[in-house]
Amino acid sequence: PFVNMTAILPPPDQSPENVAKILRYARADGAICTPLLLSQMLSFTDGAEALKSLEYVHYAGAPLARHLGNQIISDTKLAPLIGCTESGHHFTETRPDDKEDWDYFKFQPHAGVEFEHRADDFYEMVFVRRPECVMQPIFIAFPELERFETKDLWVHHPTRKGLWKIVWRMDDFVSLTDAKGYFVSPFEREIELHPRVE
């Protein structure tokens, strides 16, 4: 056991049907899934029942559509995880009982995270090296840096100080020939909601 848990690593075939069987037969307490896998599991009865049987569900890799998260949180605890290839997991406070703002993050004070204004209501998450911050693995990976710009764009919660939601990346911006530009991530989410898109 590691930190009082036993990890179950899935086989190469991670189809939603197989994951549902693994969760059921292993009598798992929780799962860490991608939003795509959660969406697929919610689309058939055995998958949805497998998620309902869990004490908690974490998701990582991308934002989770609000309607899917609301579906999951009606039966179990739901919390996002976030990290990056360069440093692994970002140190956030888990708030699994927050059924209203489940898709917002709150960062540990010792992570050294700052949000720098970029445009409109968007802020880039930046790690700033500080001697008093004990949870900054990005500076182990890059000891020569004093700051690391993640290129992730966030918005702060309209009423709850300290809560942040990732909305897209700075490199999601697409310039068009008419001199206008758009962030493509919101359009992708809207397209995914269409019943004829899989």
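Author: A nonpolar core is here a set of buried Ala, Val, Leu, Ile, Met, Phe, Trp, Tyr and Cys residues joined through side-chain atoms within 4.5 Å. Buried means under 20% relative accessible area. The model to which this is applied is predicted.

Reader: Which residues of the largest nonpolar core touch the most other members?

Author: In soluble globular proteins, nonpolar side chains tend to be buried together. The largest nonpolar core has 22 residues. H1, E1, helix H2 (35-41), helix H3 (45-52), E2 and helix H4 (66-73) each supply at least two residues of this core. The members that touch the most others are Leu23, Leu38, Met41, Leu64 and Leu78.

Reader: Which residues does leucine 38 touch, not counting those up to four places away in sequence?

Author: Leucine 38 is among the members of the largest nonpolar core that touch the most others. With residues up to four places away in sequence left out, its contacts are Cys33, Leu51, Val57, Tyr59, Leu64 and Ile72.

Reader: How many residues does the second, separate core have?

Author: This second core is separate and includes Phe115, Met125, Phe148 and Ile166. Its number of residues is 15.

Reader: Which element gives the most residues to the lining of the second largest pocket?

Author: The second largest pocket, with a volume of about 710 Å³, is lined by 23 residues, and Ala7, Ile8, Gly30, Ala31 and Ile32 lie nearest its centre. Helix H1 (16-25), strand E1 (30-33) and strand E2 (56-59) are the elements that give two or more residues to this lining. By class, the lining has 16 nonpolar, five polar and two charged residues. With four residues, the element that gives the most is E1.

Reader: What is the volume of the largest cavity?

Author: The count of cavities of 30 Å³ or more comes to two. Strand E3 (77-80) and E6 each supply at least two residues of the lining of the largest cavity, and E3 gives the most, with three. This lining has six nonpolar, two polar and four charged residues. The volume of the largest cavity is about 70 Å³.

Reader: Is aspartate 98 buried or exposed, and with which side chain does its own side chain make a polar contact?

Author: Aspartate 98 lies in the loop between strand E6 (92-93) and strand E7 (106-107). Its relative accessibility is 11%, so aspartate 98 counts as buried. The side chain of aspartate 98 reaches the backbone nitrogen of glutamate 100 at 3.2 Å. The polar contact with another side chain, at 2.8 Å, is made with arginine 160.

Reader: What is the relative accessible area of arginine 27?

Author: Arginine 27 is placed in the loop between H1 and E1. Its phi is positive, about 50°, although arginine 27 is not a glycine. Arginine 27 is exposed, and its relative accessible area is 71%.

Reader: Where does lysine 151 lie, and what is its relative accessible area?

Author: Lysine 151 has a positive phi, near 70°, in a residue other than glycine. Lysine 151 belongs to strand E10 (residues 147-156). Lysine 151 is partly exposed, with a relative accessible area of 40%.

Definitions and conventions. Residues numbered from 1 in each chain as written. Predicted model: local features only at pLDDT ≥ 70, side-chain atom pairs only at ≥ 80, totals over all residues. Heavy atoms only, no water. 1 Å grid on protein atoms, 1.4 Å probe; cavity = no way out; pocket = protein on both sides within 12 Å on 5 of 7 lines; lining within 4 Å. Points joined across faces, edges and corners; volume = space filled by probe spheres on them. Nonpolar A, V, L, I, M, F, W, Y, C, P; charged D, E, K, R; others polar. Buried < 20%, exposed > 50% of the residue type's maximum accessible area, 1.4 Å probe, protein only. Polar contact = N/O pair within 3.5 Å; in protein donor to acceptor, adjacent residues only side chain to side chain. Contact = heavy atoms within 4.5 Å.
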